[in-house]
Amino acid sequence: MTYRLDGWQDSTLGQNLARAGVSRRDFLAYCGVLAGIFAVGAGARPARAEEVADKLAAVTKPNVVWLQLQECTGCMESTLRSGGTTVEEVVLNLLSVNYNELVMAAAGDAANQALAETNAQDHILVVNGSIPTKDGGIYCTIGGESAEEVLLKSAEKATAILAVGACAVWGSVQASKPNPTGAVGVDQIIRDKPVINVAGCPPIGEVITATVSYILTHDALPKTDAEGRPLFAYEQRIHDSCPRRAHFDAGQYVRSFDDDGARAGWCLYEVGCKGPSTFSPCPIFQWNLHTSWPIGAGHPCIGCTEKDFFDRFTPFYQVLPNVKGLGVEATAAQIGWGLVGATVAGVGVHAGLTAVRRAAGRKADAAQPLAAFGDGPPPSGEDGCACGGGCGAAPPPKGGPVPLASPTASGNSKSQPGDQAEERGR
Amino acid sequence: MAERLVIDPITRIEGHLRIELETEGGKIVKAWSETTQFRGLEEIVQGRDPRDVWAFVQRICGVCTSVHAIASIVAVENAIGSNPPEQARLIRDMVLASQEVQDHVIHFYHLHALDFVDVTQAAKADPQAAVDFARAIGSTWKGNTLERMTQVRDTVQGILDSGQLSVFTGGYWGHPDYRLPPEANLMAVAHYLDALEFQRSMIRIGTVFGGKNPHPNFLVGGMACSIDPGHTESINQVQVDQIGVWVAESLEFVKACYVPDALAIAGVYKDYFDIGAAQDNYLAVGMAGATFGGDPAESKWTSGHTVIKPGVIFDGDLGTVHPFDPQKIEEWVHSAWYSYEGGDIGLKPSVGETTVAYTGPKPPYEWLGDSEEYTWCKAPRYDGRAVQVGPLARVVLAYAQGHERTVEIVDAALAQLGITPAQLNSTGGRILARAVECLTSAEILAETTFPTFVKNLKGGDIDVFDPTRWEPGSWAPEASGMSFVEVARGNLSHWVTIKDGKVARYQAVVPTTWLAGGRDASGQQGPYEESLAGDGQHPLSDPARPLEPLRTIHSFDPCMSCAVHVLESNGRGSWAVEA
């Protein structure tokens, strides 16, 4: 079906769609797709298409400030590549992106004015890029102001904050050792509001836009893991849903690139695949209109949705450390779970709601050990998780199949070093 | 009395650029090109596994995704003596070509067009007139239908009615120098939307071979994507057929939509062929996509892009193409926040230094141009001269060397527009050259690169990886390599030195650095600055709405994250910050 929203003339999307001749039936079909996307990995009761439709049809166009700080613009490029279906364009038309340096018409003073005016109202804040904190902010300035100042001003009245891409989440390549400019992620600066971390270098375009439409649809931030990543996209390890998993279990490995195993599509674990430690929907959503994905194109996963992957996952072509020699299933079960701790960010984010502002901050700590990668202590925590205890992850049962992360926070009442705000927004 | 104007941020570019201007009587008399982001990647790749470095430097830029990864891999291969099979090199050529075509299209429609197209006027257009206008300018694009134009007009009207202008908020709508008739604005907005859809589709060439886009995966020694026609999990006929479709789509879009649109806009704004001239010096090692490991003069690898020989043109003398000598490249830090041990001199990339010496104000600040140092961007010079790189340089080189297809397209365009080759050194010339090059690149992809790949496949040539130099034990204890690649914005080179299996030194000289750098010790301006303030005649009619300088700056297609990466891991990096 190909419908276009011919402009925004009525106050709600539902009215505009009706005017554009989009039938309730077709809209429901689309919402069913959205509901499916949201349900992936969410674990909880999947939203019904009707629910999604009712909520989506009632929203008005939220204003958006979309900052680009210290970064490479790859995340905006990924956003531009999101999509395919024309109804997705409808969802994009829902937003009024009043400030984004890559695509906006205005420049200089006119751009700064657009930013100031939007900052003064309720708005959704999307951030690409890291914040260089060293030396008074000289390593990235916009309009003569430091990136940190620009971020703080835009965060003040934001009703939802999305850190999109590895730079905004933790600093990415410029934060890798020795991090010359002191680059940090958004949640290192904004500590009094929850930050949704859309991880990846870059994230999949559809995941970026779906995070926005999730917020509009549910009128709440998506549930996240302990890293702040939305569970609808980041609940599963690549390894869990990898189509090459059967070859891993069967011990069929690529030993050298373009060998017979590579041509037959065997497992890339032995040439360095980080899929077992990487939470990402790449094998499920795939990339660029479902065309392919890294492992599908024969290259090992480099783990770009994980914090510090440029340091902790390199050398990229080396087998994950401290894993070799374990039994096959034990291998799969042991690694990766250090990061999983389901948390809930059940706060209203509709433009005008102020719940977010009251929400307790999510304490993020860049030094949080990623024990799952093999460079921390072995699994010994009292909860059996590889983090060494306290991350809140459901313990992987010994010898049995690996469960998915707990979809709700209800079973995770114990304190979490990575998240002291299980009750935030309530 | 000169008036001062700051444009910061320059939007619709990659990264962070600030332009400071002094104007007198509606003309620009002084300009400073100021790069305001620094990431310090030079220290970060030091000591890493050279086979990993492509993934780090790939993140120099997400707009020019792939190009730094390929340049890095080719430099490392050159150092360790790896010989990627022909099919792997053809795959990289295809990825580079698709990146370049997408990049030029995005630049024209989404980054540059709004300097010439008044979106709000599109709402006033008669959709049939837009269809007729498209036909009149020779656009044969399939989207030029009454239904489509009507739909787009209503969309624009709806956005205006909503009062929420989204990305069009605060634009210079109604500026008297927006000259297109309403129907041309409507057609342009329709093509703006069509181009978005087009690029989403065609960039999948990179996805098939690299698994994702932006930032596809590459591999030292070849490619990781096997291409065995007898396997399901390999790239096989299914993907080859898809790529054939996207390659054809690319050529169609560029021919039917982009080139006629660019010519039409250039025609309406013809005075811009006399505005925005930078130094009349040009450097390129081949046509877009040309890739060399080692000195281009000694390379045995040829491709559809190497018909044009590496060369340099000085002072607009198209009759004399000087041979390109990598040893004549030097970088200056006179106006940049770095210092050299040897003082205010030029340094060759092979012995470059990146010592931060910030002397600028602590943010927030109002004005930088009063200081000698005002940017994070170094200033490269060739044989002591500022040169232009990029589509204009390549088209000028190809034209001067008599590349048949380039000469044919350029001569037709010059005749249509009624301008001379000398006028190509201008804002309009850069727009025209980018379109010309996009067409030749799409043609080479469709007529040479892709067919050769398929022919080889048919002949059973399915190897994509050279395993003989994969293990570090097979490398010399110390080895150096370099690469030269003609990427969307110009000439890119990476240098690497490997010691005991680790990166000991790494450096890149990047297109935007050539163009965006500031003044050198002799007072010679960088090309951005020269284009704005070179002759004191660049117009700026309304400082509150600086449309004219934006047109000129955008004509270079700035990519600031690329400009300031300056990868050097010589262990001599140090920091001196006085903020």
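These legends walk through several close-up views of a predicted two-chain model, one view at a time.

Because the model is predicted, local features are described only at pLDDT of at least 70 and side-chain atom pairs count only at pLDDT 80 or more, while totals for chains, interfaces and linings use all residues. Residues are numbered from 1 along each chain as its sequence is written, with chains lettered from A and ligands numbered from 1 in the order in which they are written.

View 1. The model scores ipTM 0.96 and pTM 0.86. In chain B the mean pLDDT is 94, and 97% of residues reach 70 or more; pLDDT is the predictor's confidence in each residue, from 0 to 100. Please take care with residues 566–579 of chain B, where pLDDT stays under 50. For that stretch the model has 48 contacts beyond four places in sequence.

**View 2. The side of chain B that touches chain A.** Here 88 residues of chain B are in contact with 82 residues of chain A, two residues being in contact if their C-beta atoms, placed from the backbone, lie within 7 Å. Strand S1 (3–7) and helices H1 (41–44), H2 (53–58), H7 (146–162), H8 (182–202) and H9 (204–210) of chain B each supply at least two residues to this side. H7(B) gives the largest share, eight residues. By class, the side of chain B that touches chain A has 36 nonpolar, 32 polar and 20 charged residues. Nonpolar here covers Ala, Val, Leu, Ile, Met, Phe, Trp, Tyr, Cys and Pro; charged covers Asp, Glu, Lys and Arg; the others, Gly among them, count as polar.

View 3. S1(B) and S2(B) pair in the antiparallel sense over five bridges, and B:Leu5 has B:Leu21 of S2(B) as its bridge partner. Strands are said to pair if DSSP finds at least two bridges between them. S2(B) is also joined to strand S3 (residues 27–35) of chain B, antiparallel, by eight bridges; one to look for links B:Thr23 with B:Ile28 in S3(B). S2(B) and S3(B) form a hairpin with two residues between them, and B:Gly25 in the turn has a positive phi of about 55°. Strand S2 (residues 17–24) of chain B is mostly covered, with six of its eight residues buried. A residue is buried if 20 or more other C-beta atoms lie within 10 Å of its own, exposed if 12 or fewer, and partly exposed in between, with C-beta atoms placed from the backbone.

**View 4. The open sheet of chain A.** Chain A has 18 helices and nine strands; helices (H or I, at least four residues) and strands (E, at least two) are DSSP runs, numbered from the N terminus. Five of the strands form an open sheet in the order S2-S1-S3-S7-S9, with parallel pairing. S2 (96–99) and S9 (196–198) of chain A stand at the edges with a single partner strand each, so one side of each is left without a neighbour in the sheet. Neighbouring strands are turned by 30° against each other on average, direction ignored. Within the sheet, five bridges join S1 (residues 63–68) of chain A to S3 (residues 123–128) of chain A, and A:Leu67 has A:Val127 as its partner in S3(A).

**View 5. Helices on the sheet of chain A.** Helix H6 (residues 108–119) of chain A packs on the sheet, touching S1, S2 and S3 of chain A, and its direction makes about 125° with that of S2(A). Helix H10 (residues 205–218) of chain A lies across S7 (158–164) and S9 of chain A, running at about 155° to S9(A). Axes are lines fitted to C-alpha atoms, for helices over the stretch in contact, and angles run from 0 to 180 degrees between N-to-C directions.

**View 6. Two domains of chain A.** Chain A is divided into domain 1 (62–218) and domain 2 (238–335), with bounds from an automatic or database domain assignment. Their C-alpha centres lie 30 Å apart. Where they meet, 13 residues of domain 1 of chain A are in contact with 12 residues of domain 2 of chain A. On the domain 1 side, helix H8 (166–170) and H10 of chain A are the elements that give two or more residues.

**View 7. Around B:His112.** B:His112 is found in helix H4 (residues 86–112) of chain B. B:His112 is buried, with 24 other C-beta atoms within 10 Å. Not counting residues up to four places away in sequence, B:His112 touches B:His107 and B:His554.
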